[in-house]
Each structure stands twice: as structure tokens, then as C-alpha cells.
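This report looks at selected local features of one structure, with the cut-offs given where each term is used.

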Amino acid sequence: MNLDTSERIKIGYIDDEIGSFQDYRLLLEDYNIDLIFAENCESIEDILQWIIVSGVEAILVDFKLLERYDFNGAELIYYLNNTIPDLVCVIVTSYPKDSEFTNLVPKNLIIAKENLFNKNSKEVAFAMRQSALVFRKRFSLKKERYFKLFLKKKQESMTSAEEEQFLSLYKILRDYGEVDDIPPAMLTRQFEKSVNDLLCKLDKLLEE
């Protein structure tokens, strides 16, 4: 397998203890991957914020997190997939069957820990690199789409579906610090604006 490692990749690692982290970090370093550990996180919301602030492009998650968190790795991935759909999250576990039984994570995104330290390690590294590069590319397309919609928003020429997409893209890109805050008026859907304008006109008629 030919592995292009020319681009530096940042991957997050989430576990309830740091024991295996250094072994994984050193292993992935050979493939030009920075593996960083989620520290000072106490809740699922903390982890989400850490992901955004750290700029990680894919995630490795241990399945059994209960020493530190009140959720397991599969539950965390379910939450992250709903919030950042393009972020690939992979479970690394000594108990693959436990992760499969949750029916929250596809089998192909569950890796036995032993596979990181045998002939399969290169394949795992390649898959993580590709996942991170896909996330990076999709993120750039989100930004392009957002700015196109931004112009349509200013021209008041959006469809309802485009407005929904615009607001969704604005939220995630703002969280990542990729776009500036915009005036509250621009966050109002065109339908709501039309209704408000109509009500204002009605109020003026009643006053007259």
C-alpha cells in the first residue's frame, strides 16, 4: 500500500485514562499524524468544544470511558456525528463486540487495539489520514457554499431550503472561528421577516 504522508494531520484521542496514548502517538507519528489527547474535559459538551478549538480532523475514541465520563465511546460518537457529521470517529477497543452490540457505530469504524500494533497498523494509519483529508476538503466546500449563500442572503433571493442551509453552515463555521459574527437581522428567515413586515404595516394601518 502506497501511503502519502506529505500533509501533516491532526487526530484527537479520547479516553478515560492516558495509559495507551503515548504508544498510539508514537506509532502514528511515523505517518506524519499528530495525535493529541483530550484533557480537562468533564462532559460531552466539553469534548465537543475541545474538538473545535483543537482543530482535530478525525477522532479515535476508547469504548469504555466510564472511569471518567458518564457515557461510553459509542454514545459519544453518536452525539458527535449529529453535531459534526463529516468528522470521522473511530472506536479503538479491546472489546470490539461490546461496541458492535450498541448498534451506534458501524462495524468498519471499530478497531481492535491489537490491530494498531501488528501488520494492520499501516492500513489503520492510512484510513485515519484519508478520513482527516476528507474532513478538511468537505470543510473547505462548506465555507465556499456559505459565502455563496451569504451573497444570496444579502440580496434576499434565498429559497427556504437555502436559508436552512445558510443558518446551519453559519453555526458550525462560527463555532470554528472561520466566519465573523453577522447582524441578528441576517439570521432571521425570510418568511419570518415577511411576516414581521406585514405585521408592522398592519399596525400602522390600525394606528391611522
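Asn 32 counts as buried at 17% relative accessibility, where buried means under 20% relative accessible area, exposed over 50% and partly exposed in between (1.4 Å probe, protein chains only). Asn 32 lies in the loop between helix H1 (21-29) and strand S2 (33-37), helices (H or I, at least four residues) and strands (E, at least two) being DSSP runs numbered from the N terminus. Although not a glycine, Asn 32 has a positive phi of about 60 degrees.

Asn 40, in the loop between S2 and helix H2 (44-54), likewise has a positive phi, near 60 degrees, but Asn 40 is exposed, with a relative accessible area of 73%.

## Basis of the model

The model is predicted, so local features need pLDDT of at least 70 and side-chain atom pairs count only at pLDDT 80 or more, whereas totals for chains, interfaces and linings use all residues. Residues are numbered from 1 along each chain as its sequence is written, and side-chain values use heavy atoms, with hydrogens and water left out.

## Lys 153 in helix H5

Lys 153 belongs to helix H5 (residues 121-154) and is buried, its relative accessible area being 12%. Its side chain makes a polar contact with the side chain of Glu 163 at 2.8 Å; such a contact is a pair of N or O atoms within 3.5 Å and, within protein, one must be able to donate a hydrogen and the other to accept it, while residues adjacent in sequence count only if both atoms are side-chain atoms.
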